[in-house]
Amino acid sequence: MSNENKEKDKMKRRIAGLEKTLQIVTGYSGRVEKNLRQLFEVVSETMPVPMMISLKTGAILFSNTNAQKIFGYSDEDFHKINASVLYENPQDRNIFIRTLEDQGEVRDFAVSMKKADGTIFPASLFSRQIVFEGQNCLLTVTHDLSELRQEEEKRLLLERQLRQTQKMEAIGTMASGIAHDFNNILTIIFGRLELTMMMLPEDSKAARYIADALSAANRAKIIIMQILAFCRKKEEERRPFRISSIVAEAAKMIQSLTPSNIEIRLRIKSKASIILCDPTQIHQIMMNLCFNANHALRDRGGVIEILLEEVTVSSQEKIMIPTLKPGAYVRLTVSDNGPGMNKGVIDRVFDPFFTTKPAGEGTGMGLAIVHGIVQAHGGAVSLESEPGKGAAFHCYFPMIAEAETSTFVKPEKTIPGGSERILFVDDEKDISDTCSQILKTLGYSTTARVRSLEAFALFKENPGHFDLVITDETMPEMSGREMASEMLKIRPDIPIIIITGRETDDKILSETGIRAVIRKPFGRREIGSAVRDVLDNTPGKRK
Amino acid sequence: MNISGESYNIRYENQVIEISGKLSIMPEGYENIEAFFRKIIDTEPPELTLDIRNLEYLNSSGIKAMCIGLILESETKENLCLNIRCSKRHRWQKETVPSFNGLIDNLKIVFEEE
């Protein structure tokens with residue numbers, strides 16, 4: 001073969017080799033491209049956020065499933081719209097594009113986005129410039145902040161509630177201290193007024209003035225009780241209570257807080273019904289329901305009706321209120337003639353944090369609390385409402401049998417007295433003087449002391465001399481409870497009554513051997529009845 | 001002789017060119033590597049082995065450099081036998097290296113079992 005032919009052959013083989021190489025490289029590139037496309041599809045479909053690829057002009061070339069789901073457009077729809085329609089304010093896209101051009105990428109671009117159905121949601125955009133299918137494009141990831149905002153709002157709400165709780169606790173502590181002092185003062189006022197009253201002819205002008213003063217002191221006593229009921233920090237405690245008196249008391253307070261264009265109508269059809277309840281929580285139910293009704297009527301005015309009645313729930317009604325067992329209930333209904341609610345609101349009205357009030361006006365917890373309290377009392381809440389036809393919340397509380405409340409003593413007309421010897425101890429001289437005077441008017445032989453150590457020494461000297469000890473709880477040197485404990489060590493059968501201006505756990509006191517607790521302020525009747533009751537129930541009493 | 005980059009290493013010793021790591025550099029980056037191959041071929045070894053068993057990845061520019069800069073170039077030396085030792089552990093080798101057959105006559109491809 002000539003050199004020329006050899007060269008030709010060599011060139012041919014080289015060309016064939018290059019052609020073959022081209023095939024190899026093209027085949028290889030094709031496989032790599034296919035793998036990259038698969039990778040892109042997997043990544044874009046797996047990532048749990050909306051992702052879109054668009055041109056700067058706004059034409060959308062690609063959208064992942066999440067983008068279609070969140071924005072409510074199909075893949076086909078996305079190709080028809082301009083990306084600017086996804087912004088609540090389409091001008092925001094121009095700012096977004098400018099930011100991308102200036103900074104090369106966009107991170108955490110806060111904006112309000114719009115779904116296909118017009119719903120607006122807060123979002124944060126992340127974007128970079130890429131080449132997609134041969135064109136300069138933007139790859140944009142949309143982070144929907146709705147849930148995050150809701151969580152943040154919930155957190156802020158919980159923080160606010162915590163702060164409110166702490167504030168209420170602080171107010172409670174302060175109120176408790178103030179109430180203690182007021183109760184001491186009122187005890188003196190009650191005692192002195194009653195003693196004065198006894199000195200006056202019943203039909204005298206002075207007796208009428210004293211009666212008015214006693215009535216005013218009684219109102220002051222109720223106000224202090226109400227302040228304590230709202231502010232005290234107390235474990236949930238249920239006892240048999242006549243619900244009508246709690247409802248009436250709460251209604252009176254609500255009336256004072258209600259604007260004049262709203263009328264409160266109270267109808268109590270079941271005055272004697274007794275339920276096991278925590279009165280503070282019944283107050284809370286009334287406040288929450290009436291606050292909502294007030295809100296519904298505040299612009300137009302109207303009527304809030306509070307109705308208390310006995311009802312018997314049959315198995316038929318049980319179907320309507322599934323959680324309610326058939327039986328006798330007391331039904332507390334708070335209704336208003338306001339704008340009412342639609343089904344969407346009714347369905348969610350008891351949900352925690354659900355509110356129709358403007359931001360800052362409601363926590364959305366009021367009805368959830370009502371629901372929780374009524375359920376904890378073994379009852380149920382139902383709601384009747386229609387748009388334009390007002391709303392009525394019915395709270396059912398199981399009624400307890402009269403027999404279970406046999407511990408209630410009917411007030412007697414005359415105040416019982418006696419001739420026993422009583423040791424009375426209170427560090428407030430006025431209280432000590434007044435109460436020993438009252439006890440003397442009831443026939444008792446009373447020895448009063450203002451120092452607990454002195455009183456204890458007197459008792460220790462001759463433990464059998466006294467038939468009853470009445471002592472204040474909070475005293476310097478030796479508290480009433482400590483003194484009682486020491487006295488009971490000396491003479492275990494000595495009946496002791498504690499008087500207190502604070503909230504005290506009666507159960508703990510009874511475990512220490514104390515027979516009764518009288519809460520300040522008290523009048524002649526309260527102390528007289530308690531003394532007689534304790535003495536009559538003491539073995540080996542003498543009268 | 002050695003040539004290495006951020007993620008790869010090329011070593012020539014005893015008529016064996018061993019390439020390991022990942023080779024995914026830009027096309028112009030392969031000029032050095034092709035020059036390295038030519039330098040080896042110019043020493044006219046009777047036999048040359050390309051050991052790519054530990055080469056995890058090679059991009060398309062690398063395929064081109066290997067085909068033109070080494071395999072086709074080795075044909076310029078008469079009687080030079082070229083062996084390629086590769087591994088089925090790496091998918092790209094399993095899919096692409098067999099297509100090198102037929103580029104030149106004196107080429108032997110040996111796959112190491114997984």
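# Close-up views of a two-chain model

**View 1. Four aromatic rings gather into one group in chain A.** A:F71, A:Y73, A:F78 and A:F121 make up a single aromatic cluster. This is a predicted model, so keep that in mind for every view here.

**View 2. A:F40 and A:F62 bring a helix and a strand together.** In the pair shown here, the ring centres of A:F40 and A:F62 are 5.0 Å apart and the planes meet at 55°, so we call the pair tilted. Where do the two residues sit along chain A? A:F40 belongs to helix α1 (residues 3-46) and A:F62 to strand β2 (residues 60-63), so the pair ties together parts 22 residues apart in sequence. A:F40 is partly exposed, at 23% relative accessible area, while A:F62 counts as buried, at 16%.

**View 3. A:Y87 and A:F96 form another tilted pair.** Here the distance from centre to centre is 6.4 Å, with 45° between the planes of A:Y87 and A:F96. Are these residues buried or exposed? A:Y87 is buried, with a relative accessibility of 4%, and A:F96 is buried too, at 1%.

View 4. Take A:V43 as your example: it lies in helix α1 of chain A and counts as partly exposed, at 44% relative accessibility.

**View 5. A:E101 and A:K56 join up in a salt bridge.** Over all chains, the salt bridges number 33. In this one, the side chains of A:E101 and A:K56 meet with 3.4 Å from N to O. The partners come from distant parts of the chain, 45 residues apart: A:E101 is in helix α4 (residues 91-103), and A:K56 is in the loop between β1 (51-54) and β2. A:E101 is partly exposed at 44% relative accessibility, and A:K56 is partly exposed at 39%.

**View 6. A:R267 and A:E305 link two strands.** The closest N and O atoms of this salt bridge are 3.0 Å apart. A:R267 lies in strand β7 (residues 262-268) of chain A and A:E305 in strand β9 (residues 302-313), so to speak a link between distant parts, 38 residues apart. A:R267 is partly exposed, with 36% relative accessibility.

**View 7. Chain B has a salt bridge from a helix to a loop.** B:D42 and B:K77 meet through their side chains, 3.8 Å from N to O. Since B:D42 lies in helix α1 (residues 30-42) and B:K77 in the loop between α2 (60-74) and β6 (81-87), the pair ties together parts 35 residues apart in sequence. B:K77 counts as partly exposed, at 21% relative accessibility. Salt bridges with shared partners also join A:D9, A:R13 and B:E75 into one network.

View 8. Chain B has three helices and seven strands, in the order β-β-β-α-β-β-α-β-α-β from the N terminus. How much of chain B is buried? Of its 114 residues, 47% count as buried. For the close-up, look at B:K88: its charged end sits over the ring of B:F111, 6.0 Å from the ring centre.

Notes
Residues numbered from 1 in each chain as written. Chains lettered and ligands numbered in written order. Predicted model: local features only at pLDDT ≥ 70, side-chain atom pairs only at ≥ 80, totals over all residues. Heavy atoms only, no water. Helix = DSSP H or I, 4+ residues; strand = E, 2+ residues; numbered from the N terminus. Buried < 20%, exposed > 50% of the residue type's maximum accessible area, 1.4 Å probe, protein only. Phe/Tyr/Trp six-rings, centres within 6.5 Å; stacked < 30°, edge-to-face > 60°. Lys NZ or Arg CZ within 6 Å of the ring centre and 35° of its normal. Salt bridge = Lys/Arg side-chain N within 4 Å of Asp/Glu carboxyl O.
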